[in-house]
Amino acid sequence: MNMKSIAPLFLSAVLIACGSTPSSIIIAPQVYAPIQSLYHNQSVQLSITDLRRQHHVIQVLKKDQAAKLYSPANDLASILNQSLTTEWKNQGLAVNDFANITMNVYIDAALVSVQQETVKYQANSEIRLRIEINKAEKTLTNHFKSKGSSNGPLFADVAVLERDFNQQLGKVIAEILSNNDIQHFINH
């Protein structure tokens with residue numbers, strides 16, 4: 001093959017790659033959880049593991065076109081870690097590397113998938129988090145999930161999808177923070 005025959009192939013590959021390059025969005029969940037002392041001199045080691053194969057949180061799919069992918073400006077695991085650590089601190093639970101209780105949070109799903117058609121769209125969202133807490137010889141596992149859907153005329157607005165994802169994630173985090181099983185397991 002000479003350069004003239006390779007150049008069009010190379011240009012096509014570059015154009016395809018650019019068409020599916022992730023764009024950045026801001027993930028900043030607003031968590032509405034009561035600030036009250038729920039934990040009594042307890043601390044946990046917290047780790048967040050993202051088990052998703054792809055790390056974008058919004059994908060816009062349109063027939064015969066490359067998917068448009070939107071990833072968080074910051075790593076989703078780091079965002080969850082910061083949010084949970086802050087909120088648990090407000091509830092009296094310390095998060096540090098020396099605690100005897102380990103808490104592992106697994107991100108199993110976090111995606112808004114949009115099917116874009118010529119004059120309408122359908123968006124489906126799902127967030128699934130799994131928490132595993134180990135204390136002495138005991139283990140507690142809880143699952144938290146949220147699903148949603150929306151549709152509308154014309155084109156999906158990425159800013160609206162971003163806002164809805166943040167609200168949905170904030171609700172899941174609030175469910176974790178107010179979970180009686182977690183509170184009881186850590187305190188007793």
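Q: How much space lies in the largest pocket?
A: About 150 Å³. Keep in mind that this is a predicted model.

Q: Which residues line the largest pocket?
A: Val 60, Leu 61, Lys 62, Gln 65, Ala 66, Lys 68, Tyr 70, Gln 116, Phe 155, Ala 156 and Val 158.

Q: Which elements give two or more residues to that lining?
A: Strands β3 (58–62) and β4 (68–72). The largest share comes from β3, with three residues.

Q: What is the lining like by class: nonpolar, polar, charged?
A: Seven residues are nonpolar, two are polar and two are charged.

Q: Switching to strands. In what sense do β7 and β8 pair?
A: Antiparallel, over 16 bridges. Strand β7 covers residues 120–135, and β8 covers residues 138–153.

Q: What is the bridge partner of Tyr 121 in β8?
A: Gly 152.

Q: How many residues sit between the strands in that hairpin of β7 and β8?
A: Two. Ala 136 lies in this loop.

Q: What about phi at Ala 136?
A: Phi is positive there, about 55°, although Ala 136 is not a glycine.

Q: Is Ala 136 buried or exposed, and why call it that?
A: Exposed, because its relative accessible area is 76% and the cut-off for exposed is over 50%.

Q: And Leu 154, what is phi there?
A: Near 60°. That is a positive value in a residue other than glycine.

Q: Where does Leu 154 lie?
A: In the loop between β8 and α3 (158–177).

Key:
Residues numbered from 1 in each chain as written. Predicted model: local features only at pLDDT ≥ 70, side-chain atom pairs only at ≥ 80, totals over all residues. Heavy atoms only, no water. 1 Å grid on protein atoms, 1.4 Å probe; cavity = no way out; pocket = protein on both sides within 12 Å on 5 of 7 lines; lining within 4 Å. Points joined across faces, edges and corners; volume = space filled by probe spheres on them. Helix = DSSP H or I, 4+ residues; strand = E, 2+ residues; numbered from the N terminus. Nonpolar A, V, L, I, M, F, W, Y, C, P; charged D, E, K, R; others polar. Pairing = 2+ DSSP bridges. Buried < 20%, exposed > 50% of the residue type's maximum accessible area, 1.4 Å probe, protein only.
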